[in-house]
Amino acid sequence: LVSCDQGKLIVINVKTGAVEKEITLPEEDSVNRQSLFVNNDKEIINVALGGGKIYVRKLSFKEDWVLSAQSNTVEFNTTVNQLIRAKLTPDKKQFVVYGNTLKVLNVDDLQEDQNWESRVIHRAGIPNIAFSHDGTKLITTSFDSTSAICDLSSGEKLHTLKHDINVSYAVVSPDQQKLMIGDWDGFRLWDLFTGKPLSAQIKLGEPIRDAIFLENGRLLRIVSMYGNITDWDLLYLPPKPTELTHAEKITGYENINDGEFVITADSKVAKIWARGSNNQYVETSTANFKGKVLPRYAPIGNKLVFAEIDSPDKFSIYTALLDNGKIKDSLKLAYKTEDITFFDPEREMAIDPKGKHFAFFHKDKNKLVVVDLENGKELHSFSQSQVVQNIRYDKRGENLYFFVLPDKIYIHD
C-alpha cells in the first residue's frame, strides 16, 4: 500500500501493517498527492500539486517492494492550487490528470498526448471522470454545470451534456449504452453514444458522491455526499422530457387529442408535431407567418385556426383542416382587420369546437366580436365598457362565456 502524505510517500506492508519505507519528495509544499500502480505493479506514478505546479513522477519497486529513487519527473504550470487527481485508462497505457486541469499522459514516458494538448473541455474544475469500458471514450464532469463525452484517442469533444448545477460524478452502465451523470442536486441518465437524455432529472436534494450499476445495469445504486444510499429501478425512472424547439420565442401552442398532435408557433412559423414511438414527437407540417401566431383547434370540426397579430395593429385569422398531423391543402384567410391591439391575446380569443365561429375582444373599440369563419363576416358585436378576458366556448359549441373585469361573467347562446 502506498500512502500519500504532504511531502512524503509511505510504503506499507498490507499483511503486517509495517511501514517498509518513507520517501521524502523534493516539493515539501505540495499537497493532494495520488499514486497509481502501473506496469504490473512494478512501478507507481505519483501526482502532486503545489507552488503553482503539477508534479508527475514515476518510481519503481525493487524485488523486496521497496521504492527506488525517482526515475523521471515532469512538471506542468497551473494557476490554481486545488484538488488534483489521476486515473488510468482501461488499457493502462495512459493516465488522465484532472481537477483544475485535464491532461492525458503516456505511462511509459510521462509525455502528454499531443491530441489533447491545448484542448479546453471545461471552463471550471473537473471533480470526476469516467471511461467507457472499451476505453474509447472519456467522460468528464465539471463545476461549469456540464459533462462532456470525448473521444479518448483524438481528444475530440463528441457531446456536451448540460445540467442546471455543478456536475460531480459519472458512471457507465455494463452494456455501455447508458451514462449516469450526478450533480449537486440529483442525477440523470444519458445515451452514451448520442449524448441525448434517457430520463428526466431525478432530484435528490443532495450531491452525488458515488454510484454503481447492479444486476446487469437494471438497478442503479446512488451514494449521496451525506451518506444516504438509494437503489433505483431504471425501468421505472421518469421518462425524459420531450423538447419541441423553435428558432424564435414560442408564442402559443395547442394540444390535440390528448397529445396525439401538438401545434407550436412563434413570430414567424407554426409547426405541427405528431407523437411517435416512446412518446417522441416528429415535426410533420409547418406554416409561415409575418407576425405573432396563436394556434387554436376545433375538435368537432377538425379545423385549425391561426390568429396572426402583425405588429403593430393588424389582425388576421387563417383556417385549415388537419389531415393525419398535416395541414390539408393550403391556409385560407378567413378574416382581417386593422387598428386593433391586444392586452393578453392568449386569454382574449377562442374558437368554438365546431370550427364555425371565432370570438375575440377588440380592446380599442371596447367590444367582443364573433366572426363567421366560413364567410369572414362579423356575426355579433357586444359592446363592453370594461376589459374582457377568459373567452371560452363550451365543449359542444352551444354557448359562449366571457369574463368582464372586475366582477361579471356573461353567457351567450
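In what order do the four strands of the open sheet come, and is the pairing parallel or antiparallel? This is a predicted model, and in it the order is S22-S23-S24-S25, with antiparallel pairing. The edge strands are S22, residues 252-256, and S25, residues 281-288, and each of these pairs on one side only. From one strand to the next, the twist averages 20°.

S24, residues 269-275, runs antiparallel to S25, and seven bridges join the two. One of the bridges links alanine 270 to alanine 287 in S25.

Next, a hairpin. S19 covers residues 208-214 and S20 covers residues 219-224; they pair in the antiparallel sense over six bridges. Aspartate 210 has valine 223 in S20 as its bridge partner. Four residues lie between the two strands, and in this hairpin glutamate 215 takes a positive phi near 50°.

Now two loop residues. Asparagine 166 sits in the loop between S14 (157-162) and S15 (167-172). Is asparagine 166 buried or exposed? Its relative accessibility is 17%, so it counts as buried; the cut-off for buried is under 20%. Setting aside neighbours within four places in sequence, asparagine 166 is in contact with Ser142, Phe143, Ser145, Asp183 and Trp184.

Glycine 52 is in the loop between S5 (43-50) and S6 (53-61). Its relative accessible area is 22%, so glycine 52 is partly exposed. Phenylalanine 76 is 24 residues away from glycine 52 in sequence, and their C-alpha atoms are 8.6 Å apart in space.

Terms used
Residues are numbered from 1 along each chain as its sequence is written. This is a predicted model: local features need pLDDT of at least 70, side-chain atom pairs count only at pLDDT 80 or more; totals for chains, interfaces and linings use all residues. Side-chain values use heavy atoms; hydrogens and water are left out. Buried means under 20% relative accessible area, exposed over 50%, partly exposed in between (1.4 Å probe, protein chains only). Two strands pair if DSSP finds at least two bridges between them. Contact means heavy atoms within 4.5 Å. Axes are lines fitted to C-alpha atoms, for helices over the stretch in contact, and angles run from 0 to 180 degrees between N-to-C directions.
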